Amino acid sequence: MAKRKLQEINAGSMADIAFLLLIFFLVTTTMESNYGIRRKLPPPVDKNQPPPPVIKKKNVLEIVINGQDKMLIEEEPAKVKDVKRIAIAFITNNGKDPKSSDNPQKAVISIKHSRETSYKMYISVYNELIAAYNDIRNRYAKQKYGKPFDKLTEDEQKAVKDAYPQKIAESLPKS
Amino acid sequence: MSKFSKKKDSGTPAISTASLPDIVFMLLFFFMVATVMRENGERKVTVRMPSADQVKKIEKKGLVSFIYVGTPIKKYQTKYGKEPRIQLDDAFANVSDVGPFVLKERAAKREEEKPLMITSIKADENVGMGIITDIKEELRKVNALKVNYSTRKGEVFSNFKR
């Protein structure tokens with residue numbers, strides 16, 4: 001019996017089918033960038049908890065933003081571009097200026113805003129404060145370990161964080 | 001004449017397209033893997049996030065619950081007005097719905113994943129801080145303390161140029 005030659009399946013249209021699927025996925029793909037500022041909220045307040053210890057006024061950098069996005073830092077008008085410089089000066093004061101912070105561990109930055117303050121203003125100020133902390137930590141890391149902060153090991157990072165803890169307090173806006 | 005016809009026979013052979021499907025499949029698989037099917041249906045509020053540069057990337061997308069805040073899109077403005085609203089999943093919500101929403105999300109996760117969960121607030125740059133503060137208070141009540149303010153990557157000063 002003569003064996004019939006097996007007919008080859010034409011694979012030419014496979015590419016078309018694959019293209020069709022490809023285009024579908026191309027269209028539905030959303031390369032969503034998921035960037036953001038990380039923040040840990042303070043735990044809910046327990047009513048039986050003793051009130052927090054009073055912090056000396058000179059150890060608090062008071063930032064107030066009103067409903068028109070105008071900002072006061074320590075009762076002086078300020079712009080977003082000044083925030084980082086002022087924050088760095090405040091945190092790294094180490095008691096030099098008697099009106100500023102005693103040392104970085106004690107330095108607290110307090111943000112007060114009203115309900116009408118815009119989100120972008122808040123994020124901008126917040127971002128600048130984090131930038132200030134990152135700057136200081138980077139400088140300290142380079143000085144102590146000769147490497148930038150994010151190249152350090154976990155233990156070293158912790159040491160740097162302990163030296164310059166990020167203390168940003170927010171109070172509820174009064175309405 | 002035969003001289004020419006001979007030449008025709010030995011012309012350059014056609015390029016084989018047999019490997020074309022393979023290439024296309026490779027691309028296809030890449031996009032299949034990279035695609036995130038948006039589970040939260042349609043976006044009902046317009047969100048234009050502010051920019052910031054001290055940002056971190058969220059790695060585990062599965063552990064993030066999103067809260068959208070912004071003005072309703074045109075279609076819904078007659079019904080919901082132009083004031084900023086919260087969108088959870090694919091519906092408008094009130095501030096008081098935020099807590100139950102986070103608890104529901106948390107209940108769906110495995111036990112060891114629960115402490116790693118992050119709530120991401122995607123808010124429009126022009127919404128007031130009042131609504132954001134209310135959301136944060138709700139989150140504190142249900143102990144969802146890890147918060148991420150979603151932003152675009154960029155200079156903060158560009159927030160005020162427009």
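Two strands count as paired when DSSP finds at least two bridges between them. Keep that idea in hand as you explore this predicted model, which scores ipTM 0.73 and pTM 0.76.

**Stop 1: chain A as a whole**

Select chain A and colour it by secondary structure. Among contacts in chain A between residues at least 6 apart in sequence, 63% join residues at least 24 apart.

**Stop 2: the sheet of chain A**

Look for an open sheet of 5 strands in the order 4-3-2-5-6, with mixed pairing. Which strands stand at the edges? They are strand 4 (76-78) and strand 6 (168-170) of chain A; each has a single partner strand, so one side of each is left without a neighbour in the sheet. Look across the sheet and you can follow its twist, which averages 30° from one strand to the next.

Zoom in on strand 2 (residues 60-65) and strand 5 (residues 108-113) of chain A, which pair in the parallel sense over 6 bridges. Select A:Ile65 here, and you will see A:His113 of strand 5 standing opposite.

**Stop 3: where the chains meet**

Bring chain B into view. In this model, 43 residues of chain A are in contact with 48 residues of chain B. On the chain A side, helix 1 (14-28), strand 1 (35-40), helix 2 and helix 3 (119-145) each supply at least two residues. Which element gives the largest share of that side? Select helix 3 of chain A, which supplies 10 residues. Colour the chain A side by residue type, and it divides into 23 nonpolar, 11 polar and 9 charged residues.

Strand pairing also crosses between the chains: strand 1 of chain A and strand 3 (residues 56-57) of chain B run antiparallel, joined by 2 bridges. To find the spot, select A:Gly36 and its bridge partner in strand 3 of chain B, B:Lys56.

**Stop 4: strand 4 of chain B**

Finish inside chain B, whose mean pLDDT is 81, with 89% of its residues reaching 70 or more. Select strand 4 (residues 64-72) and visit its partners in turn:

- Strand 1 (residues 45-46) of chain B pairs with strand 4 in the antiparallel sense over 2 bridges; B:Thr46 stands opposite B:Thr71.
- Strand 5 (residues 85-88) of chain B runs antiparallel to strand 4, joined to it by 4 bridges; B:Gly70 stands opposite B:Arg85.
- Strand 7 (residues 118-123) of chain B pairs with strand 4 in the parallel sense over 6 bridges; the bridge partner of B:Val64 is B:Ile118.

As you look, remember that strands of a sheet pair through backbone hydrogen bonds, either parallel or antiparallel.

Note on methods. Residues numbered from 1 in each chain as written. Chains lettered and ligands numbered in written order. Predicted model: local features only at pLDDT ≥ 70, side-chain atom pairs only at ≥ 80, totals over all residues. Axes fitted to C-alpha atoms, helices over the stretch in contact; angles between N-to-C directions. Contact = placed C-beta atoms within 7 Å. Nonpolar A, V, L, I, M, F, W, Y, C, P; charged D, E, K, R; others polar. pLDDT = per-residue confidence, 0-100.
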